[in-house]
Amino acid sequence: MRGEGLVALARRYAAAVLAVAITLVLKLAIDGLGDDHPFVLLPVPVAIAAWYGGRGPGLLAAGLVAFIGAFFVGQSLPRDTGDLVALAVVTVEAVVIVAITVGLKDALRRAEASRIAADEARRELGFAVAVRDEVLSLWTEKVRGPLARVEATATDALRTLERDGYSGSATRPIRSIVDDAGLLSRLTASWRGPANPNRPDDASRK
């Protein structure tokens, strides 16, 4: 991983140097982009280097384009205040471009991370809803009916024993069954199975 990181780092800085070199070749090859307009196109490689490589390569490109601007201005730079100010403006502009480009790329990266997190949360919510629906369906279809029958049977047995005059210890567990079943039925009276139950994988795809 350390070797791969060094290769990636070298690739980013090489891209910055290459972008500046291509700009220099264009300015030398096209008449009017050199001595007549020494600062034209100089911000372009800075933006490319900052977008592809980040802050470090972008600042490297900013330093190189400042050197290229000084090269095209030539020996008149120390004596010409206008060229000196223009070069300073181009340099500051390059640094600002680096800051804006890196900030924009970081914002896009954070937005992508937020989107991925939102997708994960949506899938987890869909799975939780599907599990809830399965539990409600199971309760509605498999448990509620037998529980009601257990409650009714125990109630009938208790009434039969009481009608026959039996009040021994056997009535206590039967009464406990009736009470527990009735309590559970009252607590779950509002539970309803889903009208259109979904499978967990169906919910995750929505």
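Helices are DSSP runs (H or I) of at least four residues, numbered from the N terminus. The legends below describe close-up views of a predicted model.

**View 1. A15 in helix α1 and its distance to A61**. A15 has its place in helix α1, which covers residues 2–29. With a relative accessibility of 23%, A15 counts as partly exposed, because the range for that class lies between 20% and 50%. A15 and A61 are separated by 46 residues in sequence, while their C-alpha atoms are 9.5 Å apart in space. A61 is also among the residues with the most contacts inside the largest nonpolar core.

View 2. A polar atom of the R12 side chain lies 3.1 Å from the backbone oxygen of G53. Between R12 and G56 there is a C-alpha to C-alpha distance of 8.8 Å, although the two are 44 residues apart in sequence.

**View 3. The buried face of helix α2**. Helix α2 spans residues 43–53. Its buried residues are P45, V46, A49, A50 and G53. Seen down the helix axis, these buried residues fall within an arc of 130°, and they therefore line one face of α2. G53, which is one of them, also provides the backbone oxygen that lies 3.1 Å from the polar side-chain atom of R12. Just after α2, G54 adopts a positive phi of about 105°. Among the elements of the protein, α2 has the highest mean pLDDT, at 93.

**View 4. The largest nonpolar core**. This core has 19 residues, and those with the most contacts inside it are F39, L42, V46, A61 and V65. Helices α1, α2, α3 (55–73) and α4 (81–163) each supply at least two residues of the core. L42 touches K27, V65, I68, G69 and V90, when residues up to four places away in sequence are not counted.

**View 5. T101 in helix α4**. T101 is located in helix α4. With a relative accessible area of 12%, T101 is buried, since the limit for that class is under 20%. Beyond residues up to four places away in sequence, T101 touches A47, A50 and W51.

**View 6. The aromatic pair of F71 and F72**. A search of the whole structure finds one aromatic pair. The ring centres of F71 and F72 are 5.4 Å apart and the ring planes stand at 70°, so the pair is edge-to-face. F71 counts as exposed, with a relative accessibility of 53%. F72, by contrast, has a relative accessibility of 7% and counts as buried.

**View 7. Helix α6 and the confidence of the model**. Helix α6 (residues 200–205) has the lowest mean pLDDT among the elements of the protein, at 47. Over residues 199–206 the pLDDT stays under 50, and the model has eight contacts beyond four places in sequence for this stretch. Where pLDDT is low, the predicted coordinates should not be read in detail. For the protein, the mean pLDDT is 79, and 75% of the residues reach 70 or more.

Notes
Residues are numbered from 1 along each chain as its sequence is written. This is a predicted model: local features need pLDDT of at least 70, side-chain atom pairs count only at pLDDT 80 or more; totals for chains, interfaces and linings use all residues. Side-chain values use heavy atoms; hydrogens and water are left out. A polar contact is a pair of N or O atoms within 3.5 Å; within protein, one must be able to donate a hydrogen and the other to accept it, and residues adjacent in sequence count only if both atoms are side-chain atoms. A nonpolar core is a set of buried Ala, Val, Leu, Ile, Met, Phe, Trp, Tyr and Cys residues joined through side-chain atoms within 4.5 Å. Buried means under 20% relative accessible area, exposed over 50%, partly exposed in between (1.4 Å probe, protein chains only). Contact means heavy atoms within 4.5 Å. The arc is that of the directions from the helix axis to the C-beta atoms. pLDDT is the predictor's confidence in each residue, from 0 to 100. Rings of Phe, Tyr and Trp (its six-membered ring) pair if their centres lie within 6.5 Å; planes under 30 degrees apart count as stacked, over 60 as edge-to-face and the rest as tilted.
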